[in-house]
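Student: I've got a structure to go through before group meeting. Can you walk me through the disulfides and the aromatics?
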Amino acid sequence: MPISATLVPMQAPRPIAAALLAAVAAGTLAGCSPPDEPQLAVGRGPSGLPVLHLRACKGQVVWSVGLRGPEPPRSAAPLPSSGGSWPAGWVGSPTGGAHGSIWKIENRTDTARAWAIEYGTTPPGWAAVQLDGLPATPPKLSPTARYIAGAGLRVTDVEFTLADLEGLKDGEVRGHKGHETAERTLTLRQYRKEADNAC
């Protein structure tokens with residue numbers, strides 16, 4: 001007569017199971033990248049041009065700030081040193097439809113922790129970056145185009161139009177609250193609080 005056996009699933013002792021769960025959770029968290037922080041905002045200067053407001057935490061180094069936007073007319077062919085290709089960051093054909101870097105400055109010696117930099121200007125301690133194939137001076141901004149401000153730091157980019165900036169009152173900027181991805185209007189005081197809370 002065949003002997004039937006009932007298999008009973010083995011269960012790990014509770015302390016071991018808890019340790020395994022903790023290890024999996026720790027591994028999952030370790031694999032996640034930290035979120036971008038609301039340390040960048042965009043306001044409007046007296047001339048109507050964008051002003052990038054940036055606040056760094058203690059010990060952070062801001063390598064660069066810049067603007068991305070629609071491709072302006074090119075002033076020259078690609079440099080031979082680039083192998084005849086258009087600059088990194090450009091998308092689409094060289095004749096239009098691109099959305100890449102149109103202005104960039106790099107921090108060389110500035111050790112401050114807060115900046116308000118108007119588009120097209122180069123503060124002391126910074127250096128303008130000549131973008132391959134673009135005019136030496138930053139291109140004129142279009143009133144209908146969308147632009148993206150960014151920085152060489154883990155910050156949330158700020159997307160805007162000139163119309164967004166025209167709607168700002170004195171002391172207001174476009175930025176982010178916490179880790180929200182949608183831009184909103186903040187007072188400078190609110191922005192500074194959000195940026196400092198990120199530290």
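Tutor: Start with a definition: a disulfide here is a pair of cysteine sulfur atoms within 2.5 Å. Keep in mind that this is a predicted model.

Student: OK. How many disulfides does a search of the whole structure find?

Tutor: One. Cysteine 57 is joined to cysteine 199, with an S to S distance of 1.9 Å.

Student: Why is that disulfide of cysteine 57 and cysteine 199 given a handedness, and which hand is it?

Tutor: Look at the torsion about the S-S bond. For cysteine 57 and cysteine 199 that torsion is about -90°, so the disulfide is left-handed.

Student: Where do the two cysteines of the pair sit in the chain?

Tutor: In distant parts, 142 residues apart. Cysteine 57 is in the loop between β2 (50-55) and β3 (64-70). Cysteine 199 is in the segment after α3 (188-197).

Student: Is cysteine 57 buried or exposed?

Tutor: Buried. Its relative accessible area is 9%, and the cut-off for buried is under 20%.

Student: Switching to aromatics. How many aromatic pairs does the structure hold?

Tutor: Three. One of them is tryptophan 115 with tryptophan 126. That pair is edge-to-face, 5.8 Å centre to centre, with 85° between the planes.

Student: What does the tryptophan pair tie together?

Tutor: Tryptophan 115 lies in strand β5 (residues 114-118) and tryptophan 126 in strand β6, so the pair ties together parts eleven residues apart in sequence. Tryptophan 115 is buried at 11% relative accessible area. Tryptophan 126 also counts as buried, at 8%.

Student: Which strands hold tyrosine 147 and phenylalanine 160?

Tutor: Tyrosine 147 is in strand β7, and phenylalanine 160 is in strand β8 (residues 158-160). This pair therefore ties together parts that are 13 residues apart in sequence.

Student: And are tyrosine 147 and phenylalanine 160 buried or exposed?

Tutor: Buried in both cases. Tyrosine 147 has 3% relative accessibility. Phenylalanine 160 has a relative accessible area of 0%.

Student: Last one, off topic. Where does proline 135 lie?

Tutor: In the loop between β6 (126-128) and β7 (147-151). Proline 135 counts as partly exposed, at 28% relative accessibility.

Student: How far is proline 135 from tryptophan 103?

Tutor: They are 32 residues apart in sequence. In space, the C-alpha to C-alpha distance between proline 135 and tryptophan 103 is 10.0 Å.

Definitions and conventions. Residues numbered from 1 in each chain as written. Predicted model: local features only at pLDDT ≥ 70, side-chain atom pairs only at ≥ 80, totals over all residues. Heavy atoms only, no water. Helix = DSSP H or I, 4+ residues; strand = E, 2+ residues; numbered from the N terminus. Buried < 20%, exposed > 50% of the residue type's maximum accessible area, 1.4 Å probe, protein only. Phe/Tyr/Trp six-rings, centres within 6.5 Å; stacked < 30°, edge-to-face > 60°.
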